[in-house]
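I opened a notebook page for this protein and wrote down what I looked up, one entry per topic.

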Amino acid sequence: MPAHLILGGARSGKSRYAETLALGTGLPVTVIVTAEALDDEMASRIRRHQQDRPHAWRTVETPLALADALRREAQPGRCVIVDCLTLWLMNLMADADTLASALDADALPRLRAERAALLDCLPGLRGDVLLVANELGLGLVPETPLGRLFRDEAGRLNQSVAALCGRVTFVAAGLPLALKR
């Protein structure tokens, strides 16, 4: 089954929608999480997400090597949720503040390699794969060059992933809107 990209803003209900879809498959579920608890507030968010999920679901923490984790976990008869691509991108852009003023994320070798690996592996994944990502392009223009670069890279990543997915859904106010079926 081709992967399914689920987009939405912060607190839009996109993760809950992915979890509902995963429950509906009746398959064993693995959640690949990309967030890192670098402060107390993020640790609290992570705990809340963990408590909201069924206890039988496996969790795999993967802040960087997402394609490797997907190749391992996405198997026939299993459902995988990746939550989320945007945090994964943020992890890969950790050194972006060292870029020259003509900001180009392709100058970050790890980002370039991991993004290429993800896009390369997506079409061949087996099992049910649900990818969650934030849609950042609907808000204000970030004030800083680094903020604008991150927004632009997130938009490019979402477009590339959407092109490879069989389904794309946008979630707003907890309501799913099919963009690609």
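**Entry 1: what kind of model**

I noted before anything else that this is a predicted model.

**Entry 2: helix H2**

I checked the length of helix H2, which runs over residues 40–52. Its 13 residues should span 18 Å at 1.5 Å a residue, and I found the end C-alpha atoms 18 Å apart, so the two values agree. Then I looked at the N-terminal end of H2, which is capped by aspartate 39. A side-chain oxygen of aspartate 39 sits 3.2 Å from the backbone nitrogen of glutamate 41.

**Entry 3: helix H6**

Which residues of H6 are buried? I listed Leu149, Phe150, Glu153, Ala154, Leu157, Asn158, Val161 and Ala162. I recalled a general point to set beside this list: an α-helix has 3.6 residues a turn, so residues three or four places apart point the same way. I then looked up what the buried residues of H6 pack against. The partners are strands S1 (4–8), S5 (128–134), S6 (167–172) and S7 (175–180), together with helices H4 (85–92) and H5 (109–121).

**Entry 4: threonine 169**

I stayed with strand S6, where threonine 169 is found. Is threonine 169 buried or exposed? Its relative accessible area is 2%, so threonine 169 is buried. Leaving aside neighbours within four places in sequence, I found threonine 169 in contact with His4, Leu5, Ile6, Leu7, Tyr17, Pro176, Leu177, Ala178 and Leu179.

**Entry 5: leucine 66**

I turned to helix H3, which holds leucine 66. Leucine 66 has a relative accessible area of 0% and is therefore buried. Beyond neighbours within four places in sequence, its contacts are Ile32, Val82, Leu85, Trp88, Glu114 and Leu118. I also took one distance: leucine 66 and methionine 93 are 27 residues apart in sequence, and their C-alpha atoms are 14 Å apart.

**Entry 6: the loop between H3 and S4**

I looked at two residues of this loop. Glutamine 75 lies between helix H3 (66–73) and strand S4 (79–83). At 18% relative accessibility, glutamine 75 counts as buried, because the cut-off is under 20%. Its side chain reaches the backbone oxygen of arginine 71 at 3.1 Å. A further polar contact, of 2.8 Å, links the side chains of glutamine 75 and arginine 126. Not counting residues up to four places away in sequence, glutamine 75 touches Arg126 and Gly127.

Glycine 77 is in the loop between H3 and S4 as well. At 45% relative accessibility I put glycine 77 down as partly exposed. What does glycine 77 touch, not counting residues up to four places away in sequence? I found Leu27 and Pro28. Glycine 77 and proline 28 are 49 residues apart in sequence, but 7.5 Å apart in space, C-alpha to C-alpha.

**Entry 7: the largest pocket**

I looked up the largest pocket, whose volume is about 760 Å³. It is lined by 28 residues, and those nearest its centre are Arg11, Ser15, Arg45, His49 and Asp83. Which helix gives the largest share of the lining? I found that H2 does, with seven residues. Helix H1 (14–25) and H2 each supply at least two lining residues. By class, I counted twelve charged, nine nonpolar and seven polar residues in the lining.

**Entry 8: backbone exceptions**

I wrote down the general rule to begin with: most residues other than glycine have a negative phi, and most peptide bonds are trans. Then I listed cases that depart from it.

- Aspartate 83 and cysteine 84 are joined by a cis peptide bond, with omega about 5°. Cysteine 84 is in the loop between S4 and H4.
- Arginine 11 has a positive phi, near 60°. Arginine 11 is in the loop between S1 and H1, and at a relative accessible area of 60% it is exposed.
- Alanine 173 has a positive phi of about 50°. Alanine 173 is in the loop between S6 and S7, and at 75% relative accessibility it counts as exposed.

Key:
Residues numbered from 1 in each chain as written. Predicted model: local features only at pLDDT ≥ 70, side-chain atom pairs only at ≥ 80, totals over all residues. Heavy atoms only, no water. Helix = DSSP H or I, 4+ residues; strand = E, 2+ residues; numbered from the N terminus. Expected span 1.5 Å × (residues − 1). Polar contact = N/O pair within 3.5 Å; in protein donor to acceptor, adjacent residues only side chain to side chain. Buried < 20%, exposed > 50% of the residue type's maximum accessible area, 1.4 Å probe, protein only. Contact = heavy atoms within 4.5 Å. 1 Å grid on protein atoms, 1.4 Å probe; cavity = no way out; pocket = protein on both sides within 12 Å on 5 of 7 lines; lining within 4 Å. Points joined across faces, edges and corners; volume = space filled by probe spheres on them. Nonpolar A, V, L, I, M, F, W, Y, C, P; charged D, E, K, R; others polar.
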